[in-house]
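Q: Please take a close look at one helix-helix packing in this model. I would like to know how the pair is arranged and what kinds of residues make the contact.
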Amino acid sequence: MRDTSPLAVFASLPEERTFLRTLADVRWGVLVTAILLAAIGLATVHSASAEMEVDYLPRHALRILLGLLVCAIGFGIDYQVLTKFSVPIYIASITLLVLVLFVGRAAGGARSWLGVGSAQIQPSDVAKIAVIVLLSRYLAGINRRHLTLPQISLALAVVLVPMVLVALEPDLGGAAMLLPPVVGMLLVAGVRWRLLLAGAVVALVIGAGIWNFVMLDYQRQRVKTFVSPQSEPLGAGYQLRQSKIAVGSGQLTGRGYMQGTQSQLRFLPARHTDFIFAVLAEEWGFLGVAVVLILYALYVRNGVTVALRSRDRKAILLVVGLLSGFAFHVLYNTAMVVGLLPITGIPLPFLSYGGSFMLANFFATGVILGIDFRRYVNR
Amino acid sequence: MEVREQRQELLLRIPRLRLAFVILLALIGSSYWFVQVVQGSYYRELADNNRLSKVPIHAPRGLIFDRHERLLVDNVPSYDLVLDRSLSRDLAASLDFAAEILGRSREELEETVGRYRGSSLFSPILIAESLSLSQVARFSAERLEHPEFDIDVGHLRVYRHGPLTAHVLGYLGEVAREDLEAPESAYKPGDLAGRRGIERAYEGRLRGSDGERVVVVDSRGRPRDDYRNTAASAGTDLHLTLDLELQQEAARYFEDRVGAAVALDPRNGDVLVMVSAPSYDPNRFARRLDRSEWQALVEAPHNPLQNRVLQNTHSPGSLFKIVVATAGLTEGVVNGSDSVYCGGSTRIYNRRFRCWKRAGHGWVHLREAIKESCDVYFYHLGQKLGISRIAHYARLFGLGTPTGVAIAGEKRGLVPDPEWSLRVRGSTWYPGETISVAIGQGPILTTPLQIASMMAIVANGGLRVTPRLDRDAPAAEPESIDLNRSALEFVREALWAVVNEKGTGASARVDAAQVAGKTGTVQVIEQKSWIDSKDLQFEHRDHAWFASFASVERPELVVVVFVEHGGKGSRAAAPLARILYERHFSARGLRQSS
């Protein structure tokens with residue numbers, strides 16, 4: 001691995017030998033898969049927006065470039081510094097979430113966007129990273145085989161505050177997305193089986209409560225539609241049905257790039273954002289789907305390697321948190337597009353059009369790479 | 001070293017999470033495999049249904065003309081309402097909306113939609129035809145609210161002469177389920193197909209084949225591109241053998257009568273007139289008449305839907321004497337000079353048989369017996385011939401079998417003989433019945449068309465022609481019948497005398513041609529004495545027949561008239577024959593001189 005790395009050539013320079021060797025030794029595979037996925041996303045967004053008023057290709061390209069910059073920043077910041085300032089970061093992100101409730105821009109029925117000049121960010125993306133950073137610091141400090149109930153409760157409380165705020169926007173999907181990184185971190189930090197079981201029961205009860213008292217009609221309708229999509233072929237089931245038709249009609253090799261009838265003839269809504277994968281599946285067929293899924297698997301695999309060879313609990317938990325969130329997005333979105341899970345606004349990392357989510361993922365990639373880079377320094 | 005230990009603990013847990021991720025990803029991947037590869041063609045079809053909009057191009061049905069190029073059936077544009085269920089958000093609301101504009105009930109429309117239950121969600125449903133322009137305008141105005149409704153320009157069949165040609169031409173109806181489900185059926189649900197008459201008989205030629213315009217549409221139904229175009233090919237026009245003018249004359253005669261008239265060319269079987277009364281207006285059927293209207297038609301007095309020319313059988317009465325006379329002469333049982341005394345009645349087999357003329361005809365030989373329609377003469381001739389020989393000759397003349405005309409539903413009639421009596425009635429044939437049959441009464445049944453066929457054989461000297469309605473079909477080679485030519489010659493001459501020597505058919509006499517014919521009167525109720533039919537209730541009155549041809553030297557037209565409960569053939573039926581001959585020969589004269 002070390003010798004075949006493209007940066008190995010720098011490692012042979014006699015002077016800055018240690019630095020360069022370490023640099024060459026970083027798991028660049030994480031970045032390579034991220035860039036490949038972003039490139040595929042760029043092409044697919046172009047195809048998906050071919051029939052729209054604007055071509056999203058330039059904007060998406062700009063965001064990828066910005067993403068690479070953010071990635072470099074994430075790489076450059078020592079994660080020790082991040083965790084050191086985790087409390088102020090957390091408080092700042094909560095402030096943003098409160099702010100968005102009052103001055104946020106509405107999109108799709110929820111006030112979830114903050115405008116800064118012409119740029120827009122989704123504070124829930126910021127909050128997610130803030131929660132991961134804060135919890136990695138907190139959980140790393142508990143040097144035990146298993147977490148106690150109060151410790152778990154405190155960790156959950158940390159995530160519950162931003163979750164409630166996001167749910168108030170109301171963006172239930174976004175709120176739910178805050179949970180998987182925390183669950184991943186807790187599992188790795190150590191939760192007893194019986195606690196896990198009890199937690200599952202409690203989650204079920206809370207879920208039922210949310211269904212009855214918190215969810216809005218349109219949200220309930222989405223879940224209902226998922227259960228029987230044929231009931232309303234032109235109502236709420238439309239999206240699900242059109243997505244499945246798009247995916248299925250791709251067959252093995254696809255309709256061909258820019259040839260997908262479901263997307264090009266506008267049958268598929270949200271095709272450049274949450275349903276970008278349906279466009280890809282239609283135009284590239286199962287082969288395209290397999291390539292993308294393998295790229296995601298490689299990303300996660302490389303990330304896990306970083307976690308496994310890190311020697312710092314904080315770093316391990318940080319990587320686990322970031323990867324858990326990433327993996328959950330991939331699993332949920334792809335399962336939703338093929339009709340396995342109810343539709344909710346969960347984008348696909350690196351592929352979906354969407355600025356702040358793209359930046360958040362590139363930032364996380366940078367942080368993971370930075371951790372790998374500093375694995376000998378921070379013991 | 002405790003810190004170290006705890007790090008190891010963490011590291012042991014990570015691969016478990018990674019394994020969970022890989023398993024879930026593999027599960028999702030296999031779902032994609034299932035949807036894309038296993039079910040792929042199904043979804044490809046759904047995608048095509050999404051994007052391809054099929055617009056049928058209706059092939060105009062062939063027009064129908066009479067023998068002189070006069071248009072009988074036309075097509076006019078018709079605005080039809082079609083429903084695309086896949087575009088309807090709420091079917092009940094859609095139907096309510098349409099019902100309101102159409103002025104029909106929702107249940108009615110639901111029934112129409114129900115007939116399409118088996119077909120694809122994407123195939124359009126024909127809801128209503130022949131919309132008024134204001135209805136078309138309302139549907140167009142609400143197009144955005146109700147994209148599921150569309151106006152389809154189709155063709156409406158117009159029978160220009162309505163009831164006049166109803167029984168010959170028939171009408172169209174929604175295609176029957178069994179025709180739809182037939183293998184290689186070219187029909188779609190809601191298509192119209194010929195239900196009766198010519199429309200049914202020549203369905204294959206008249207129909208043509210519908211085209212289809214397949215357009216690529218986007219999600220808003222906006223056409224983007226032509227995908228495939230199949231041109232419609234119009235049905236073939238049909239020229240009938242009918243003569244509209246003669247048909248009109250005959251129909252006028254039947255305005256206040258019940259019965260049938262048929263005229264055909266004995267040389268080739270061309271049917272010039274086919275009238276059945278009462279009639280109905282087939283244009284009502286073109287607009288899919290509702291149930292109550294249909295019920296009224298079915299229950300109407302004298303069954304207007306029946307084509308009496310070929311679906312109604314009656315005893316031929318004295319017309320049958322033509323058969324018996326020919327049989328007697330051919331068999332050598334009688335000759336022209338044998339005479340029989342008619343005293344108004346005679347005793348055979350210990351039973352008294354009455355002649356229609358109470359006073360009797362005195363001594364009559366065959367020619368006179370035909371001319372005066374003397375029953376007594378034929379009682380004795382029938383007795384000599386016996387039922388088997390009578391039946392044999394009746395069948396030679398085409399009685400008891402369908403004539404083979406193209407219109408469906410033709411009755412075969414009945415020529416009785418002892419074998420039939422045993423088989424059907426379960427009793428032996430009584431010799432006395434032969435005596436009744438000899439004058440065309442009793443269990444012998446014929447249709448007016450069979451009688452016309454029989455008259456054609458008499459007229460053309462022993463050739464059987466099949467009545468035909470398609471002018472351009474090659475005429476079938478006439479079949480020569482095993483009959484004595486001189487016997488036929490004798491009968492023809494006697495039939496001339498019926499009309500021209502103050503016989504029973506005198507009222508069919510015309511100046512332009514030499515008409516030969518025979519009257520017939522069929523008793524409806526058994527009469528114990530001589531009662532004039534006029535004094536009876538309508539449904540107890542005799543049926544009147546007149547069968548004829550002209551001219552005797554060169555026969556070119558056979559006319560058969562049957563008037564139900566019309567009384568005597570000489571008074572009720574023969575006058576129409578005269579009208580038709582006058583019309584025919586004067587018109588022919590005009591055509592020849594011009």
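A: Let's start with handedness: a crossing is left-handed if the near helix is turned anticlockwise from the far one by less than a right angle, and right-handed if clockwise. The crossing of H14(B) and H20(B) is right-handed. This is a predicted model, where local features need pLDDT of at least 70, side-chain atom pairs count only at pLDDT 80 or more, and totals for chains, interfaces and linings use all residues. Residues are numbered from 1 along each chain as its sequence is written, with chains lettered from A and ligands numbered from 1 in the order in which they are written.

H14 of chain B covers residues 321–331 and H20 of chain B residues 485–500 (helices are DSSP runs of H or I, at least four residues, numbered from the N terminus). They pack at an angle of about 140°, their axes 9 Å apart (lines fitted to C-alpha atoms over the stretch in contact, with angles from 0 to 180 degrees between N-to-C directions).

On the H14(B) side, the contact (C-beta atoms, placed from the backbone, within 7 Å) uses B:Ile322, B:Ala325, B:Thr326, B:Leu329 and B:Thr330. H20(B) answers with B:Ala487, B:Leu488, B:Phe490 and B:Val491. By class, this contact has seven nonpolar, two polar and no charged residues (Ala, Val, Leu, Ile, Met, Phe, Trp, Tyr, Cys and Pro are nonpolar, Asp, Glu, Lys and Arg charged, the others, Gly among them, polar).

Chain B also meets chain A: 36 residues of chain B are in contact with 42 of chain A.

Definitions and conventions. Helix = DSSP H or I, 4+ residues; strand = E, 2+ residues; numbered from the N terminus. Contact = placed C-beta atoms within 7 Å.
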